[in-house]
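Here's a quick tour of one model, written for someone who likes the cut-offs spelled out. Have a look at the structure first, then read on.

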Amino acid sequence: MPKILVIDDDRNLRKMVKANLAARGYQVLGASDGEKGLERAGLERPDLIFLDLMMPGISGWDVLVALQADQELQKIPVIIMTASRREGEENRARSMRAAGYLVKPFGVDELMRQVKLTLGSEA
Amino acid sequence: MKKEDKTKEQLVNELVTLHQRIAELEASEIKREQAEQALREERDKAQRYLDLAGTMFVAIDANQRVALINKKGCEILGYEVEEIIGKNWFDTFLPERVKGEVKTVFDKLMALEVEPVEFSENPILTRNGEEKVIAWHNTVLIDEAGNITGTLGSGEDITQRWQAEEKALQAEALKELDRLRSELLANVSHELRTPLASIKGFASTLLQPDVKWSKKEQQDFIQAIDQEADRLSRLISDLLDMSRLETGALKLERANYQISEIIDSVSGRLANLTKHHQLQVIVPLGLPSVFVDETRIGQVLTNLVENATKYSGRGSPITIEVQPSNDLIIISVTDRGVGIPPGLQDRVFDRFYQAESIATGRKGGTGLGLSICRGIIEALGGKIWIESEVGKGSKFSFSLPVSKREEKVA
């Protein structure tokens with residue numbers, strides 16, 4: 001069963017994403033900031049990462065850069081979740097090889113569609 | 001006859017002497033005239049040279065009177081030279097608002113109390129009432145005995161350059177304001193979307209037809225929706241407060257209160273906020289009352305205590321202390337938390353800075369709390385400030401003026 005890591009400093013949002021993924025059989029891990037996220041990604045080698053952009057400390061952008069710099073971790077697809085609508089951010093994220101881009105607020109259908117698009121319908 | 005001859009001879013001699021003296025006198029008179037003429041010519045030549053100069057020259061004597069001015073100076077001021085010489089430079093040719101200050105500096109210079117300033121800039125008043133900005137190069141005039149007799153300034157009219165610079169500065173400031181405004185809007189939009197994301201997410205979760213959630217899970221999700229709706233509502237109140245404070249539209253309902261009454265009125269909230277900390281409240285007896293808005297002061301106090309809980313460890317002490325100080329009551333909230341580095345201390349109350357920090361240093365708040373606190377305290381005639389040391393903790397204090405009405409009663 002694919003393993004998914006959810007990195008977001010917002011506790012409720014993390015809980016919502018995790019509950020939905022777990023209910024559909026995915027193995028789910030959480031991290032409340034960028035630093036913990038990178039650590040868990042290195043240890044657990046998830047199949048997919050959900051990543052918030054604006055977090056205290058190491059931002060989502062920094063996490064993306066760090067993931068790309070690692071030969072192994074750069075293979076993990078990343079789906080961005082962000083409440084920001086600043087111009088050019090989606091393009092920037094895509095250019096940093098983000099596999100998907102979710103703008104908050106989003107519904108569960110959109111969330112699951114992105115998972116299936118990225119991982120295929122294996123789960 | 002001999003006597004007569006002698007007298008005659010004597011007379012001739014005297015006459016010759018007189019002629020000689022007259023000739024001598026005449027010669028010296030011519031010399032003097034020549035000398036005067038030479039001096040006049042020299043002076044006129046100097047004046048002509050000064051008049052050729054493209055910058056204005058003004059000499060001011062120790063009594064503040066104009067001793068010399070060149071053509072360019074007359075042109076800039078719009079007066080004839082005769083109208084300027086002898087006039088008090090400061091009273092006649094400087095705008096009212098700068099006159100006093102420039103005069104003081106000049107008098108101090110004449111009294112040898114200050115060192116001369118080589119370069120200076122100040123506005124001058126022209127005949128038609130228009131102001132011109134002059135950049136001066138100043139020289140102190142000293143006589144043979146070494147006494148200061150006045151100053152000589154050569155000045156360039158920099159009005160146009162100055163206006164252009166002023167305009168550029170204004171444009172720059174407007175651009176910066178614009179940038180901050182759109183930055184604020186982007187941050188506000190981000191902050192509004194964050195609680196909305198959980199509300200939408202959990203509602204959509206509960207509506208999923210393919211998952212059967214347990215009763216406990218359902219309860220959990222609904223509770224999260226409830227919490228996030230509260231957070232959204234708090235954020236909207238904060239935004240409204242901020243906007244009202246900015247436009248001066250915040251209504252304050254002021255009355256005389258004892259500060260202890262205000263603390264009591266929010267004690268429930270404070271106890272709830274500090275359930276994982278040790279709250280200590282120190283209020284001396286017999287304090288004068290303050291003429292404030294009870295709800296707003298309660299809001300400031302809970303905001304400061306809430307911040308203290310967010311940035312200090314569980315179980316650590318938080319102290320509210322009230323102290324009188326002359327005509328003020330000072331209320332402080334002290335924590336033993338992470339503290340704030342000196343460079344950021346001045347900026348924690350700044351709305352735009354706060355707004356910028358929303359993006360990076362979010363701690364669950366709206367990022368507007370402290371700027372709202374400052375707005376409320378200042379609207380009530382007080383001040384708010386911070387003392388902090390990294391790793392040791394922070395102390396936020398605000399002052400409120402003692403109410404005058406009660407003073408009269410007392």
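## A helix pair in chain B

Let's start with a crossing: α10(B) and α13(B) cross in a left-handed way, meaning that the near helix is turned anticlockwise from the far one by less than a right angle (clockwise would be right-handed). Helices here are DSSP runs of H or I with at least four residues, strands are runs of E with at least two, and both are numbered from the N terminus. This is a predicted model, where local features need pLDDT of at least 70 and side-chain atom pairs count only at pLDDT 80 or more, while totals for chains, interfaces and linings use all residues. Residues are numbered from 1 along each chain as its sequence is written, and chains are lettered from A and ligands numbered from 1 in the order in which they are written.

The angle between α10(B) and α13 (residues 369–379) of chain B is about 145 degrees, and their axes are 10 Å apart. Axes are lines fitted to C-alpha atoms, for helices over the stretch in contact, and angles run from 0 to 180 degrees between N-to-C directions. On the α10(B) side, the residues that meet α13(B) include B:Val300 and B:Leu304; B:Cys373, B:Ile376 and B:Ile377 are among those on the α13(B) side. Contact means C-beta atoms, placed from the backbone, within 7 Å. The residues of this contact split into five nonpolar, four polar and one charged (nonpolar: Ala, Val, Leu, Ile, Met, Phe, Trp, Tyr, Cys and Pro; charged: Asp, Glu, Lys and Arg; polar: the others, Gly among them).

Five strands of chain B make an open, mixed sheet, in the order β7-β9-β10-β12-β11. Its edge strands, β7 (278–282) and β11 (383–389) of chain B, each pair on one side only; pairing takes at least two DSSP bridges. From one strand to the next, the twist averages 15 degrees. Helix α10 (residues 294–310) of chain B packs on this sheet, touching β9, β10 and β12 of chain B, and its direction makes about 25 degrees with that of β10(B).

β11(B) runs antiparallel to β12 (residues 393–401) of chain B, with seven bridges joining them. One of the bridge pairs is B:Glu389 with B:Gly393 in β12(B).

## Zooming out

Chain B has 14 helices and twelve strands in total.

Key
Two residues are in contact if their C-beta atoms, placed from the backbone, lie within 7 Å.
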